[in-house]
Amino acid sequence: MAKRLTKMKIKGAGDRVQVLVLANHPMETGTRKDKKTGELIPAHFIQKMIFEHNGKVVAEANLSQGVSKNPLIGIEIAGAKSGDTVKVSWSDNKGESGGAESTVK
Amino acid sequence: MKRRTFIKGSIASGALVVAAGAGLLKPGQVLAGDWPNAAFSATGMDEAVKSLFGSTDAAESADIKIKAPLQAENGAVVPLKVETSLPAEWIAIVAEKNPSPLTTAVDLSGGAAGYYSARIKMGQTSDVYAYVKADGKVYMAKQQIKVTVGGCGG
């Protein structure tokens, strides 16, 4: 199981902060063929990305094969304060998972 | 292929059953248990929207803003931003002509603001719809994105 890097960036402060998550993931559709063997590459994509603000789930993103490789997903949280924690965790259709945590500046 | 057959057979029995079925098929994934399988498997836009929101009725709303390129050179990476002043519970991004039109949908009922951004794949030039569920109603906005090279195959 390859280790997949997940990065999080929090932009802005106060009323609305923007949370951007970049996950290192192939997001295989399941329709692409391996050029050497001619066999279909099995689908492999992130299905869930869960965002927590101070331990409370604020957004639950559902992803599919239709999302680009190395997904960059953004949401906004209202009413965040300096020092608040934001956590993201994802899981894919093969049971792999990853995540990242950061604090609001 | 078995799984595909299973999904197709289950669509008739309703989205909840399919979601539960998917959970049973892959017991290892607790987090993905309620992933809307039927909506993502749908090959038509109406089917996908109906499966996700229970209805295809959606009023076009000026309160939903889609920020996307008018033309995308690379269909494998099309950046999209959806912003709305509606009290959004869900935002879904649907590319009408993709093999599976529903690309991604976010549940914001936990309290996040009406904003969602993602990069999606597009097979060909198509209208892209942003659906927003707010106050139990479904609203939408759309924008055509021209795709020079499709990004859904290899």
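1. A:Asn70 is partly exposed, with a relative accessible area of 25%; here buried means under 20% relative accessible area, exposed over 50%, and partly exposed in between (1.4 Å probe, protein chains only). A:Asn70 sits in the loop between β4 and β5 of chain A, where helices (H or I, at least four residues) and strands (E, at least two) are DSSP runs numbered from the N terminus. Its phi is near 50°, a positive value in a residue other than glycine.

2. The model is a predicted one, in which local features need pLDDT of at least 70 and side-chain atom pairs count only at pLDDT 80 or more, while totals for chains, interfaces and linings use all residues. Residues are numbered from 1 along each chain as its sequence is written, chains are lettered from A and ligands numbered from 1 in the order in which they are written, and side-chain values use heavy atoms, with hydrogens and water left out.

3. A:Met27 likewise deserves a check of its backbone: it has a positive phi of about 50° although it is not a glycine. A:Met27 belongs to the loop between β2 (16-23) and β3 (46-53) of chain A. A:Met27 is buried, with a relative accessible area of 1%.

4. Chain B contains four helices and nine strands, and its order along the sequence is α-α-α-α-β-β-β-β-β-β-β-β-β. Of its 154 residues, 46% count as buried. Among contacts in chain B (heavy atoms within 4.5 Å) with a separation of 6 or more, 60% come from residues 24 or more positions apart.

5. Turning to the interface, 34 residues of chain B are in contact with 41 residues of chain A. The two chains bury about 2800 Å² between them, 49% of it on carbon and sulfur atoms; buried area is the accessible area (1.4 Å probe) that two parts lose on being put together, summed over both. On the side of chain B, B:Trp35, B:Arg119 and B:Lys121 lose the most area to chain A, together 24% of what that side buries.

6. One salt bridge is counted between chain B and chain A, the term denoting a side-chain nitrogen of Lys or Arg within 4 Å of a carboxyl oxygen of Asp or Glu. The side chains of A:Lys48 and B:Asp34 meet in a salt bridge at 3.3 Å, N to O.

7. Strand pairing, which requires that DSSP finds at least two bridges between two strands, also links the chains. Strand β4 (residues 56-63) of chain A pairs with β6(B) in the antiparallel sense over four bridges, and B:Asp107 in β6(B) is the bridge partner of A:Glu60. Strand β5 (residues 72-78) of chain A pairs with β7(B), again in the antiparallel sense, over three bridges; there B:Tyr116 is the bridge partner of A:Ile75.

8. Within chain B, strand β4 (residues 78-84) and β7(B) pair in the antiparallel sense over six bridges, with B:Ser117 of β7(B) as the bridge partner of B:Lys81. Eight of the nine residues of β7(B) are buried, so this strand is largely enclosed by the rest of the structure.

9. B:Gly111 lies in the loop between β6 and β7 of chain B. B:Gly111 is partly exposed, with a relative accessible area of 44%. The C-alpha atoms of B:Gly111 and B:Pro87 are separated by 9.5 Å, the two residues being 24 residues apart along the chain.
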